[in-house]
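Please read the following report alongside the sequence and the 3D view, and look up each residue as it is named.

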Amino acid sequence: MDLLKTIKENAVKLQNHIVLPEGSEIRTLKATAKILEDKIARITLLGNRSEIEAIALKEGLSLSGARIIDPFTDNNRQKYAEMMVELRKNKGLTIEKAYELLNDPLYFGVMMIKAGDADGEVAGAINATGDVLRPAFQYVKTLPGVSVVSGMFFMIFKDKSIGDNGMLVFADCAVMPDPDSLQLAEIAVTTAATAKAIANIEPRVAMLSFSTKGSAQHELVDKVAEATKIAAKMNPELLIDGEMQLDAALVPEVGRLKAPGSKVAGRANVLVFPGLEAGNIGYKLVQRLAGAETVGPVLQGMAAPINDLSRGCSVNDIINMVAITSNQAGAKSL
Ligand code: ACO
């Protein structure tokens, strides 16, 4: 399966409306032109119209069909500012501060989504992860029943014998530095749901540790074992097992030896890391040393899809992320 091809075709059918707050950023504009040409999504760019149009002219880009909104002057400022005050009154947000925050396209974009004026957002080509995520956490918040946003990757290998036809899913590799057992359980359940919804795979989730089924004793091992139990209660249908080491999760003979009888060991296709250090380093090791293609991070658990780019992203990365965001918006339960 060509995952990105499927995701793009699905996005074309969905025609969701994605807001791009970094509207005068050159890669974003190049991506917008291609997205509109290929009809992958409807796009709103945030920024100053004449600045955006001047860049497009200079670069020979056609942006016809894109909406351009200037957060400094838009008619919806009052509506959004009042919503912000209502949502953050327990944090002491004043109307003056709300207007000031709305000058920041990252807040403006999030409020468009909150108000139902856009289906999703992609940003991060020129903003750090924390700056993209914070407005989303504060105003869009998490899905009902979910307390933690996390970031998953589709890892795609040339060797089709790995995972499901050459694909593994890794999480959390992007957001939650030190999840407790309940948060880790949520990350596992949400990642399985995202993998199923976007890649149409039957998840087999391994909860990773440096121990397999009690081979080592440590509070970090207990955390993963506890998270496995909680996740199994949260979703009794889910094929999940842990704690287990990476080799037990992926290599059939090691799985049989270290976790006999496990339905996951040796054939896991979703790997849940015990914390962000392991997850972030782990996905980059596999990307750099095993040459895996990475698709993500796909942020999950948010009430509406908002995705973060790497500042080193390419035009193609932005196009792919817009298509993924549209897929998530189409499947509103993610
Ligand atoms: N899920 C949902 N809500 C969250 C989460 C989360 N994972 N983390 C924080 N929040 C909420 C808090 O509850 C709080 O809400 P409130 O204001 O309504 O009370 C709000 O967000 C701010 O919380 P803080 O604890 O102040 O969070 P802070 O803004 O300091 O940090 C952040 C949040 C930025 C996501 C932090 O966890 C972080 O920096 N994570 C690492 C991100 C990163 O750098 N990843 C690696 C790069 S990405 C890559 O390589 C692919």
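Which residues does Ser 181 touch, not counting residues up to four places away in sequence? In this predicted model, Ser 181 touches Lys 223, Glu 226, Ala 227 and Ile 230. Ser 181 itself lies in helix α8, which covers residues 181-199, and with a relative accessibility of 19% Ser 181 counts as buried, because the cut-off for that word is under 20%.

**Thr 28 and the helix around it**

Thr 28 is found in helix α2 and, at 2% relative accessibility, counts as buried. Leaving aside residues up to four places away in sequence, Thr 28 touches Leu 20, Glu 22, Leu 45, Ala 125 and Ile 318.

Helix α2 (residues 26-37) also meets helix α3 (residues 49-59), and their axes come within 11 Å and cross at roughly 70°. The two helices are therefore roughly perpendicular to each other, because angles of 65 to 115 degrees count as such. On the α2 side the residues of this contact are Ile 26, Leu 29 and Lys 30, and on the α3 side they are Ile 52, Ile 55 and Glu 59. Sorted by kind, the residues of the contact divide into 4 nonpolar, no polar and 2 charged.

**A mostly covered helix**

Helix α6, which runs through residues 105-114, is mostly covered, with 8 of its 10 residues buried. Those buried residues are Leu 106, Tyr 107, Phe 108, Gly 109, Val 110, Met 111, Met 112 and Ile 113. At the start of α6, a side-chain oxygen of Asp 104 reaches to within 2.8 Å of the backbone nitrogen of Leu 106, and just after the helix Gly 116 takes a positive phi of about 80°.

**Around the ligand**

The ligand is surrounded by 22 residues, of which the closest are Arg 88, Lys 91, Arg 134, Val 149 and Ala 174. For some of these residues, the table gives a distance between a ligand atom and a protein atom.

| Residue | Protein atom | Ligand atom | Distance |
|---|---|---|---|
| Arg 134 | side-chain N or O | oxygen | 2.4 Å |
| Val 149 | polar backbone atom | nitrogen | 2.8 Å |
| Ala 174 | backbone N or O | nitrogen | 2.8 Å |

**Points to check in the backbone**

Where do cis peptide bonds occur? A cis peptide bond joins Ala 171 and Asp 172, with omega at about -20°, and Asp 172 is found in the loop between β6 (167-171) and α8. Another cis peptide bond joins Gly 296 and Pro 297, with omega at about 0°, and Pro 297 has its place in strand β10, residues 293-300.

Lys 39 lies in the loop between α2 and β2 (42-46) and is exposed, with a relative accessible area of 54%. Asn 200 has its place in the loop between α8 and β7 (204-208), and Asn 200 is likewise exposed, with a relative accessible area of 68%.

Methods: Residues are numbered from 1 along each chain as its sequence is written. Side-chain values use heavy atoms; hydrogens and water are left out. Buried means under 20% relative accessible area, exposed over 50%, partly exposed in between (1.4 Å probe, protein chains only). Helices (H or I, at least four residues) and strands (E, at least two) are DSSP runs, numbered from the N terminus. A polar contact is a pair of N or O atoms within 3.5 Å; within protein, one must be able to donate a hydrogen and the other to accept it, and residues adjacent in sequence count only if both atoms are side-chain atoms. Axes are lines fitted to C-alpha atoms, for helices over the stretch in contact, and angles run from 0 to 180 degrees between N-to-C directions. Angles under 35 degrees count as roughly parallel, over 145 as roughly antiparallel, 65 to 115 as roughly perpendicular and the rest as oblique. Contact means heavy atoms within 4.5 Å. Ala, Val, Leu, Ile, Met, Phe, Trp, Tyr, Cys and Pro count as nonpolar, Asp, Glu, Lys and Arg as charged, and the others, Gly among them, as polar. A residue is near a molecule or strand if one of its heavy atoms lies within 4 Å of it.
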